[in-house]
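Hi,

Here is the model I promised to pass on. Have a look, and my notes follow below.

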Amino acid sequence: MAPPETHAALPEEDQLFRLLRQLDLAPDASQRATAQALGVSLGTLNNHLRAAVAAGLITISERAGPDRRQRFAYALTTRGAATKARLTDRFLERKLAEYDALHAELTGTESGLLSLKKRTPLMLPNLAPIPELYVSYDSAQKLKVSAGDLVSHDLTPRQICDLELLMNGGFFPLKGFLSEEDYTGVVNDMRLADGTLWPMPITLDVSEKFADSIEIGQDIALRDQEGVILATMTVTDRWVPNKVLEAEKVFGADDIAHPAVNYLHHKAGAVYLGGPVTGIQQPVHYDFRARRDTPNELRAYFRKVGWRKIVAFQTRNPLHRAHQELTFRAAREVQANLLIHPVVGMTKPGDVDHFTRVRCYEAVLDKYPQATTTMSLLNLAMRMAGPREAVWHGIIRRNHGCTHFIVGRDHAGPGKNSQGKDFYGPYDAQELFKKHEAEIGLEMVDFKHMVYVQEKAQYYPANEVPAGDTVLDISGTELRRRLREGLDIPEWFSFPEVVTELRRTSPPRSKQGFTVFFTGFSGSGKSTIANALMVKLMEMGGRPVTLLDGDIVRKNLSSELGFSKEHRDLNIRRIGYVASEITKNGGIAICAPIAPYATTRRAVREDIEAFGAFVEVHVATSIEECERRDRKGLYKLAREGKIKEFTGISDPYDVPEHPELRIETENADVDTCAHQVLLMLESMGLIAAH
Ligand code: PPS
């Protein structure tokens, strides 16, 4: 006898949700058992199964074996798993609404519980689990296999950071990369289409070619750089963003001196894809695993140790005594425990690498009273967007179970703009945060600038220093100078363990690697000066020297390349890559290509400055003089049109605006020119004075 159809009257969506959940839970159960679990007849079950197959949500396969009752096995497709995840949320929401109505009826009150959507994050208990986008372990195993057939997108390092926080709930309430409607709302008003506060566009930027190969509604696999599938995404939106508008609205100016604007124009793909994400596995980290926590792991930790109020401190710099004082004060002020929550994903180019920083944080952690403070690493890709970034950081910390957040002067500031002025006012971040505090869902704690008072031998907030006392302070720039030059760093400023770590990874500049990058027209004298410089540096000894001359590189590294913009850029990026490796390993790289494009030179500078100094030398011989010398006879051929795209004749050259050194060769011999470079290196502390 067929069971009574107890759930037949349920809305279609609920039926589908129950079906998918059941098949996911018991993919090998017989049809009869499945029908029973769902409370429907075999006929109805078969109708549902057919509809689900037609919609591409499940696959049914024949099972070999003696038991005829278990003839079929069911598996959710990528789309089925994503649909199940979405329906779970909607199911929960409807259930809450039902309970709400019931509660109202029982108590006679207007409204009891609020629906999920109506609940502000403030009302979510900060320690309750937060929704993630991962499917169950079993589904993930199946999805991984079926996603192998999907079109793949290889994620960039920044997208991997974003995806990790999307999947683990760090970016709650986002369910995937933003749709066009959400993106427009976020860019213009810091709000998703449904009105929820969200300040930062989290977008999947791809190349035009890849975007053209995708259909709306298609599922794609998102892979890390080793090809591991981390997630799938159903593409619901594809659009070409207005990057100028995005830069102006989100970062305050379309100025490439801002690292995120530079990224937007020079690294991000031209097209954005949006759509919900189904999480399969977390990105793999081999470093500091025990120090990385998902929002739910941190919430569980706080529950376990009984912390109710937690103040988070965001940082991308090593901590010194002043930071320890200010964070501890902040926690005491609001009677909370402290979470040191450093960013280890992507920070500002040129920052101290996270390996060094984490070793420093671990040393500082011991200085806090026991059991008051913990530290966890956050794999966030920062955008340095000042006020908007502060709001974003707050939301992320709320999602990690914190109740308070320290916001200081110039929070997540990007440095100076191309006019040498600050992008944001010093208190803009605090003001914007304060304005949205209730919606962010945690309280802002003012960051006090702490200074050392010599007479009292202790730290004070700068505005509470006793009159007449002597204030000691060392700025970030001064600290870097002292490290660079191997000068004293006093104990009142930092902990000896921290200084030792920093010195270990930042030896004085005269012992670090660096790159000298000559640029100029063909025949300007780059190679000749570079050769002379190489010999002089080798004569001094101490560090290995490598010359990456234009001609040599084209023979050995770039023999297949021509002189189109694309090929020249590729050639320079290769030179930059080799030079950055040499610099990282403490050697001296001398490069001497034409390198006609300013943006490419800038990109190479950024790559190298992560490891050591980049000294751009413009060999400023005029095109007329180069043509007059015409050592290789190439200018003649170029004039005759026999060589196409010849720099300075039929191809552009962007004159460097602010090179470290500009050399006029017309009235100087090679020795003098090479000596000018040596003097510059000496003045930058890169070679020790003799
Ligand atoms: S680039 O633009 O930086 O990739 O160029 P580079 O690798 O330095 O190569 C420049 C050398 O190639 C020879 N050559 C040309 N130069 C410029 N334009 C065109 N079309 C061209 N065709 C060949 C030229 O000899 C350059 O050598 P240098 O040492 O600069 O004189």
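Which elements do the buried residues of α19 pack against? They pack against β18 (514-519), β19 (545-549), β20 (588-592), β21 (613-619), β22 (661-663) and α25 (670-683). Buried here means under 20% relative accessible area with a 1.4 Å probe, protein chains only, and contact means heavy atoms within 4.5 Å. Helices (H or I, at least four residues) and strands (E, at least two) are DSSP runs, numbered from the N terminus.

Before you read on: this is a predicted model, where local features need pLDDT of at least 70, side-chain atom pairs count only at pLDDT 80 or more, and totals for chains, interfaces and linings use all residues. Residues are numbered from 1 along each chain as its sequence is written, and side-chain values use heavy atoms, with hydrogens and water left out.

Back to α19: among its buried residues are Ile529, Leu533 and Leu537. Just past the helix, Gly541 has a positive phi of about 75 degrees.

Now the ligand. Ser522 and Arg568 each put a polar side-chain atom 2.7 Å from a ligand oxygen atom, while Ile594 brings a backbone N or O atom to 2.8 Å from a ligand oxygen. On its own the ligand exposes 630 Å², and the protein buries 93% of that (Shrake-Rupley areas, 1.4 Å probe). α19, α20 (550-556) and α21 (565-584) each give two or more residues to the shell around it.

Elsewhere, Arg383 sits in the loop between β12 (373-375) and α14 (386-399). Arg383 counts as buried because its relative accessibility is 3%.

Cheers

How values were computed
Buried < 20%, exposed > 50% of the residue type's maximum accessible area, 1.4 Å probe, protein only. Polar contact = N/O pair within 3.5 Å; in protein donor to acceptor, adjacent residues only side chain to side chain.
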